[in-house]
Amino acid sequence: MTIDAGRVKVVVIGAGQAGLSVAFYLRRFQLVADEDFVMLDRSPGPGGAWQHRWSSLKLGSAHKVNDLPGMGELGLSFETADRRLPAKEVVADYYGRYEEYFDLRVRRPMDVRRVENRGVDLVVQYQDLSPQPVEEHRGRGLFTRRRRSFREPEPEPVGPPEIELTTQFLVNATGTWGSPFVPYYPGMTEFAGRHVHTADYDDAEHFRDKHVVVVGGGTSAIGFMLELEHIAAGLTWVSRRPIDWVDGESLDLEGASAAVAAQDEAARSGRALPSIVSGTGVPRSRRIAAGIERGLLVARPMFDRIEADRVVWEDGATARADAIIWATGFRPELRHLAPLKLREKEGGVAVGQGASWSDPRVFLAGYGPQASTVGASRAGRMIARQIMAML
């Protein structure tokens, strides 16, 4: 069943840093949420991808979280946030207050299934994932479920209804968290242990007294190594490329001009986006430097194959494995845009100044060089201005 929910000027998909930034500037241009523009977010609450991260992750132990535009009006800043609390709690709290203060009226949890053309407009089809009320009938003074006669057939399961929303412009701000990447290696399906991606990691205790192999050359892999050091029975760190250590306490993507330029060039040409860490390097903070010094943070080259209880290198060397943590990154989540045929033969989407070069009605916020919070804030202003110029 499809419900016709009307027509708006703009639909923003995703309420993470990029989506909130765009919405902030749309409000500054006097557009009204739920009337002129609609925000759809799949997550159950505010916080973008941060709400799904593990509880031990604190602010400052990963990529820097920059303030969203206008956050100072609320008296909030991640610079002064309590770093003892889980980052997921701090970000969810700040983003929730931000949404309320600027009256963004985010609709959640809404799962966008597809976006397609309908004449000059775009049609966004999504499902409401919120719990549906159970039909109840009053009996003997209490609410009881209606009892079926034995002659009644079992009802067919009914999924959430599909809702349609027609719009002039679409801002896709879905980020990457919903599209984890795990490279294939021979023997993966024969592995008797656990495959865990960064997106699935929640608590170090699940790996107590286990032999763990951590795959990846970025801050997530390093964080897992440090967290599991005194919990796992054995730890092996492998990386597909040598680690490029740089001096400094934190990674500031805006200062890494080469990485930003590489992302921008790939986005403009429609190629698959390169890894961020391949262009920025990894900051050698005091904590990380100490881990290197004691021999923990020394990455081995990538293994060649996987067996039931171990990983094996080409030279025959092995490392026992009860679990493999794949800190191998994410890809842009764009499956729902497939009907628009934006993807180029080179593997990516051609984007310049936040706009699709194939379809000027479609904007991709937080894509490529705009992936950091500062970049997302700039993209929000740039995209909102372009939309207003065309309305």
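These legends describe close-up views of a predicted model.

**View 1. The whole chain in outline.**
The protein chain has 391 residues, and 46% of them count as buried. Its secondary structure comes to seven helices and 20 strands. Take the contacts between residues at least 6 apart in sequence: 70% of these join residues at least 24 apart. The accessible surface is about 19600 Å². Carbon and sulfur atoms account for 49% of that surface.

**View 2. The largest nonpolar core.**
This core holds 66 residues. The residues with the most contacts inside it are Val 10, Met 39, Phe 78, Val 171, Tyr 201 and Ile 325. Helix H1, residues 17-28, gives the most to this core: seven residues. A second, separate core has 23 residues, including Val 11, Ile 163, Leu 165 and Val 349. In soluble globular proteins, nonpolar side chains tend to be buried together.

**View 3. Val 10 and its neighbours.**
Val 10 is among the residues with the most contacts inside the largest core. Leaving out residues up to four places away in sequence, Val 10 touches Leu 26, Leu 31, Asp 36, Phe 37 and Val 38, among others. Its contacts also include Thr 167, Phe 169, Val 171 and Ile 387.

Of the 12 residues of H1, 10 are buried, so the helix is largely enclosed by the rest of the structure. How far apart are the end C-alpha atoms of H1? They are 17 Å apart, which agrees with the 16 Å that 12 residues should span at 1.5 Å a residue. Just after the helix, Gln 30 takes a positive phi of about 75°. Asp 34 lies in the loop between H1 and strand E2, residues 37-40. Asp 34 also has a positive phi, about 75°, although it is not a glycine. Asp 34 counts as partly exposed, at 33% relative accessibility.

**View 4. Thr 198, a buried loop residue.**
Thr 198 sits in the loop between strand E8 (194-197) and strand E9 (211-215). Is Thr 198 buried or exposed? Its relative accessibility is 3%, so Thr 198 counts as buried. Its contacts, not counting residues up to four places away in sequence, include Trp 54, Trp 177 and Trp 326. Thr 198 also touches Ser 220, Phe 224, Ala 327 and Phe 330.

**View 5. His 336 and its polar partner.**
His 336 lies in the loop between strand E17 (323-326) and strand E18 (351-352). Its relative accessible area is 7%, so His 336 is buried. Which side chain does His 336 join in a polar contact of 2.5 Å? The partner is Asn 172. Beyond residues up to four places away in sequence, His 336 touches Ile 13, Val 112, Arg 113, Arg 114, Val 115, Asn 172 and Thr 174.

**View 6. Salt bridges.**
The count comes to 20 salt bridges. Side chains of opposite charge can pair when their charged atoms come close. Glu 164 and Arg 118 meet at 3.3 Å, N to O. Glu 164 lies in strand E7 (residues 162-172) and Arg 118 in strand E3 (residues 110-118), so the pair ties together parts that are 46 residues apart in sequence. Glu 164 counts as buried, at 14% relative accessibility. Arg 118 counts as partly exposed, at 43%. Glu 116 and Arg 114 form another bridge, at 2.9 Å. Arg 114 is partly exposed, at 33%. Arg 84 pairs with Asp 82, the closest N and O atoms being 3.0 Å apart. Here Arg 84 is exposed, with a relative accessible area of 70%, whereas Asp 82 is partly exposed, at 27%. A network of salt bridges links Arg 42, Asp 111, Arg 113, Glu 333 and Arg 335.

**View 7. The loop between H2 and E3.**
A cis peptide bond joins Arg 108 and Pro 109, with omega about -5°. Pro 109 is in the loop between helix H2 (87-101) and E3. Arg 105 is also in the loop between H2 and E3. Arg 105 has a positive phi of about 50°, although it is not a glycine. At 38% relative accessibility, Arg 105 counts as partly exposed.

Technical notes
Residues are numbered from 1 along each chain as its sequence is written. This is a predicted model: local features need pLDDT of at least 70, side-chain atom pairs count only at pLDDT 80 or more; totals for chains, interfaces and linings use all residues. Side-chain values use heavy atoms; hydrogens and water are left out. A nonpolar core is a set of buried Ala, Val, Leu, Ile, Met, Phe, Trp, Tyr and Cys residues joined through side-chain atoms within 4.5 Å. Buried means under 20% relative accessible area, exposed over 50%, partly exposed in between (1.4 Å probe, protein chains only). Helices (H or I, at least four residues) and strands (E, at least two) are DSSP runs, numbered from the N terminus. Contact means heavy atoms within 4.5 Å. Accessible areas come from the Shrake-Rupley method with a 1.4 Å probe; for residues, only the protein chains shown count as cover. A salt bridge is a side-chain nitrogen of Lys or Arg within 4 Å of a carboxyl oxygen of Asp or Glu. The expected span of a helix is 1.5 Å times one less than its number of residues. A polar contact is a pair of N or O atoms within 3.5 Å; within protein, one must be able to donate a hydrogen and the other to accept it, and residues adjacent in sequence count only if both atoms are side-chain atoms.
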